[in-house]
Amino acid sequence: MKDDISQSNDKEPPGRRLQLLKEFHSAGRGFWHDVSNSDWNDWHWQLKHRITTPEQLQRLMPSLTPEEFAGAKLANTKLALAITPYFFNLIDPADENCPIRRQVIPRVEETHTASWEMSDPCGEDSHSPVPGLVHRYPDRVLFLVTDRCAAYCRYCTRSRLVSNATGYDFHPEFDKQIEYIAQHPEIRDVLLSGGDPLLLSDDKLESLLSRLRAIPHVEFLRIGSRIPTFLPQRITPELCAMLRKFHPLFVSIHSNHPRELTTEVREAVGRLADAGIPLGNQSVLLKHVNDDVTVMKALVQKLLMCRVKPYYLYQCDLITGSAHLRVSVSKGLEIMEQLRGHTTGYAVPQYVIDAPGGGGKVPINPQYVLCRNAGRVLIRNYEGKIFEYPEAEDGTPLCKPKEIKEPELI
Ligand code: SF4
């Protein structure tokens, strides 16, 4: 892992850097070299041995900065500190701006709150008809199953409730959630999220999925999970065999940097794909993590190599204490501009802003339609060339399709 980290710095020529970032490596054993294979590969062992205190963190990583140590000390008042040993091994202790480190190690800046930041930036609580259920869009619901995760992302939109550090009273009642869905025939799609649904035992998850599958109007089930990248050991053959009974079932994983896509993750998501589960990835645009075209290109291309379709790229929500991780929308658009047309269409995620206060996801795209009137649409391609596409309501175009040179356009 270390070689990969040191070679993929931004001083490399872009092509070489892209190739280095796309290489698959194992997370290795690091400090846990004397742990048996059976323990290391046991997801319960990984959970039990998570790093959860500032002292543990400092012992394992003496290069912890004062900002990080102060952040770790305060973390449990906002969002708990927890990192699996597996994921900890991906951190480069020599790099203060390590993209893995920034995602899971708290910083004191988390306690700074800008006036526009919110504890519930997506307005989920105001769209919650019963505890643990968010019904924001007409035909689908978000079903929150737990407030626990394998590790905690420092930019988490649901940090008000996950890990229960703030004392949020989160008590999902599956009976009430399922009853609401059964009583609303317009709900055809249920997304299980949390916290992380894959932290439930196989039996508990199977029971929940069976009850949802028994509702005739539920056509489609989804699970949103960060487990494949935080704890790939959880993706056991038994879990995959159970999940495949509930098709159509999709899984959205969450990764932000190509280094998270290790050989362990490739094998774990491969098991899900072999069980016939379509896989998508959600990323959050984060400062010094993936606000770089080469990094993002490596991530999306590597996801395809893992049989995962890049699905959404989120503008970081206005969650309290996240300003140090937020990137401008202009930067996001610049990255999208460098993906569309420059790599496989399947590799291009949809960039979205979850409209503050509960407006839902709004797609954000570079400007490709330059103007549109009754007779034509002027469009721009990925190379900046401009074309005219004729259109007319009765199907008779008023002009012929053509490329337009700039002087003519002016
Ligand atoms: S895994 Fe998901 S729910 Fe859990 S802390 Fe990360 S973003 Fe939040």
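Predicted model: local features only at pLDDT ≥ 70, side-chain atom pairs only at ≥ 80, totals over all residues.
Reader: What makes Asp120 and Arg160 a salt bridge?

Author: The rule asks for a side-chain nitrogen of Lys or Arg within 4 Å of a carboxyl oxygen of Asp or Glu. Here the closest N and O atoms are 3.5 Å apart, so the pair of Asp120 and Arg160 meets the rule. By this rule the count comes to 28 salt bridges.

Reader: What does the pair of Asp120 and Arg160 tie together?

Author: Asp120 lies in the loop between α8 (101-104) and β1, while Arg160 lies in the loop between β2 and α9 (174-182), so the pair ties together parts that are 40 residues apart in sequence.

Reader: How do you know that the ligand sits in the largest pocket?

Author: A molecule sits in a pocket if more than half of its atoms lie within 2 Å of the pocket's grid points. The ligand is assigned to the largest pocket, so it passes that test.

Reader: Which residues surround the ligand?

Author: They are Cys149, Tyr152, Cys153, Cys156, Val162, Gly195, Arg226 and His254. By class, this shell has five nonpolar residues, two polar and one charged.

Reader: What else can you tell me about Gly195?

Author: The peptide bond from Gly194 to Gly195 is cis, with omega near 20°. Gly195 is placed in the loop between β3 and α10 (202-213). Another cis peptide bond runs from His247 to Pro248, with omega near -5°, and Pro248 is found in the loop between α12 (237-243) and β5.

Reader: How much space lies in the largest pocket, and what lines it?

Author: About 1000 Å³ of space lies there. The lining has 43 residues, of which Arg158, Leu191, Ser193, Gln282 and Tyr314 lie nearest the centre of the pocket. Sorted by class, the lining holds 22 nonpolar, 11 polar and 10 charged residues. Several strands take part: β1 (133-137), β2 (140-144), β3 (189-193), β4 (220-224), β5 (249-254), β6 (279-284) and β7 (309-314) each supply at least two residues of the lining.

Reader: Why is the other space called a cavity and not a pocket?

Author: In a cavity a 1.4 Å probe fits but cannot get out, whereas a pocket is an open set, so the way out decides the name. The structure holds one cavity of 30 Å³ or more, and about 40 Å³ of space lies in the largest cavity. Gly71, Leu74, Ala75, Thr77, Lys78, Arg107, Glu110 and Thr111 line the largest cavity. These residues divide into two nonpolar, three polar and three charged.

Reader: What makes β8 and β9 a pair of strands?

Author: Pairing needs at least two bridges between the strands. Four bridges join β8 (residues 350-355) to β9 (residues 360-363), so the two strands pair. They run antiparallel, and the bridge partner of Val352 in β9 is Pro363. The hairpin has four residues between the strands, and there Gly357 takes a positive phi near 90°.

Reader: Which residue has a positive phi although it is not a glycine?

Author: Ser163 does, with a phi of about 75°. Ser163 is placed in the loop between β2 and α9.

How values were computed. Residues numbered from 1 in each chain as written. Heavy atoms only, no water. 1 Å grid on protein atoms, 1.4 Å probe; cavity = no way out; pocket = protein on both sides within 12 Å on 5 of 7 lines; lining within 4 Å. Points joined across faces, edges and corners; volume = space filled by probe spheres on them. Nonpolar A, V, L, I, M, F, W, Y, C, P; charged D, E, K, R; others polar. Near = heavy atom within 4 Å.
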